[in-house]
Amino acid sequence: MKCVNQGLKVRLYPDEDMMIKINQNIGNSRFTWNKLLEDYQNTYKLFKLHGYTKLKCNMTTFNAMLNMLKKEHAFLYLSESSSLQQVYRDLIHAFNKFFSGVGGYPRFKSKKHDKKAFRIQNNGNIKIKPHAIILPKLGEVYYRTSKKYHEKLKNVKISNVTIKIENGKYYAVFNIKTEIPKFPKTNEAVGIDLGMRTLATLDNGLKIANLDVTYEENMIKKYQKRLSRQKHNSNRYKKTLKTYWKWIDQKKNKINDYYHKTTTQIVKKYDIIILENLNIKGMFQNPKYSPKLQKIAWKKFLEMLKYKAKYTEKHSDKSADGTHQAKHATTVDTTTKT
């Protein structure tokens with residue numbers, strides 16, 4: 001058994017007063033990110049003007065900037081304190097990725113396109129009750145989940161919790177430490193070739209089909225059209241919006257379920273998985289193949305294989321010929337034989 005960090009997502013049912021507080025905290029987190037980024041840029045320009053070429057991007061710098069920001073804007077005290085501290089931790093992480101050449105320069109967050117979420121660190125102020133979660137600044141929030149997850153929440157260590165809004169629904173994602181069982185070794189190996197007509201083909205002839213979500217996409221388009229013709233925030237608009245969100249959730253859940261089951265089967269059956277080390281940038285010339293959707297499918301498939309191999313204490317490395325080896329994987333019952 002290996003102890004790993006895992007996200008456990010539950011549905012929240014806050015009342016109107018709690019909804020206002022959650023939206024306030026989300027807005028304050030976005031505001032803090034933008035102001036800290038702006039202040040850092042202005043301070044760096046000032047340092048550079050006086051001959052200093054470096055301004056340390058660390059916890060001490062941003063903590064001092066956050067304290068000054070709170071004195072200027074009293075409404076930030078309405079937010080849970082660790083959620084604003086988490087903002088500058090994320091900003092430092094973004095800068096470190098930029099300086100190491102892994103990511104781009106941190107961008108300002110817009111109200112329209114920003115992810116509606118904030119994270120609270122567990123300092124002993126997050127408690128689990130039979131049907132409610134006690135969260136700082138919010139109080140008792142009613143939640144629902146399965147019996148298995150409910151028992152798990154009571155018996156595991158919670159590092160932090162992310163409160164988020166997705167398609168009009170409120171969720172809490174708990175970062176917990178849990179044990180992952182090892183899969184028994186099978187002494188089998190497989191090579192996987194990614195494709196266009198099918199998601200992937202195994203070297204034993206089995207094919208993993210591309211997931212068909214055409215029906216869900218057509219329903220999403222249907223309700224998008226209907227929304228565009230209705231008066232914004234009218235009763236009909238709100239009713240159509242709920243149905244529109246329902247189809248988005250159905251599509252997302254269908255995709256996640258398919259890839260989770262497929263990759264779990266692969267990791268269970270095979271001890272060695274050999275994958276292509278693809279550089280897919282600019283490799284598609286024919287527009288009829290919808291390369292963007294295919295690249296997203298490949299990315300999701302490969303990411304799930306990688307972290308499941310890691311969780312089950314399997315190793316991954318690159319072979320000399322440029323292929324990728326992930327030790328321990330599985331075969332797919334949902335695939336069809338050629």
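The side chains of Arg 30 and Asp 114 form a salt bridge, 4.0 Å from N to O. A salt bridge here is a side-chain nitrogen of Lys or Arg within 4 Å of a carboxyl oxygen of Asp or Glu. The pair ties together distant parts of the chain, 84 residues apart. Arg 30 sits in helix 1 (residues 16-49), and Asp 114 lies in the loop between helix 3 (81-99) and strand 2 (117-121). Helices (H or I, at least four residues) and strands (E, at least two) are DSSP runs, numbered from the N terminus. Both Arg 30 and Asp 114 are buried. Buried means under 20% relative accessible area, exposed over 50%, and partly exposed in between, with a 1.4 Å probe and protein chains only.

This is a predicted model: local features need pLDDT of at least 70, side-chain atom pairs count only at pLDDT 80 or more, and totals for chains, interfaces and linings use all residues. Residues are numbered from 1 along each chain as its sequence is written, and side-chain values use heavy atoms, with hydrogens and water left out.

**Salt bridges**

The structure holds twelve salt bridges. Three of them are listed here.

| Pair | Closest N to O distance |
|---|---|
| Glu 140 and Lys 129 | 2.7 Å |
| Lys 252 and Glu 166 | 3.1 Å |

Glu 140 and Lys 129 pair up at 2.7 Å. This pair links distant parts of the chain, eleven residues apart. Glu 140 is in strand 5 (residues 139-144), while Lys 129 is in the loop between strand 3 (127-128) and strand 4 (132-135). Glu 140 counts as partly exposed because its relative accessibility is 43%. Lys 129, at 34%, is also partly exposed.

Lys 252 meets Glu 166 with N and O atoms 3.1 Å apart. Here the link runs from helix 6 (residues 235-269), which holds Lys 252, to strand 6 (residues 157-166), which holds Glu 166, across 86 residues. Lys 252 has 31% relative accessibility, so it counts as partly exposed. Glu 166, at 17%, counts as buried. Salt bridges with shared partners join Lys 9, Lys 164, Glu 166 and Lys 252 into one network.

**His 150**

His 150 belongs to helix 4 (residues 147-155). Its relative accessible area is 14%, so His 150 is buried. Its side chain makes a polar contact of 2.6 Å with that of Tyr 143. A polar contact is a pair of N or O atoms within 3.5 Å; within protein, one must be able to donate a hydrogen and the other to accept it, and residues adjacent in sequence count only if both atoms are side-chain atoms. Beyond neighbours within four places in sequence, His 150 is in contact (heavy atoms within 4.5 Å) with Lys 129, Pro 130, Tyr 143 and Thr 145. Lys 129 is also the salt-bridge partner of Glu 140.

**Strand 1**

Cys 3 is in strand 1 (residues 2-13). Leaving out residues up to four places away in sequence, Cys 3 touches Lys 177, Thr 178 and Glu 179.
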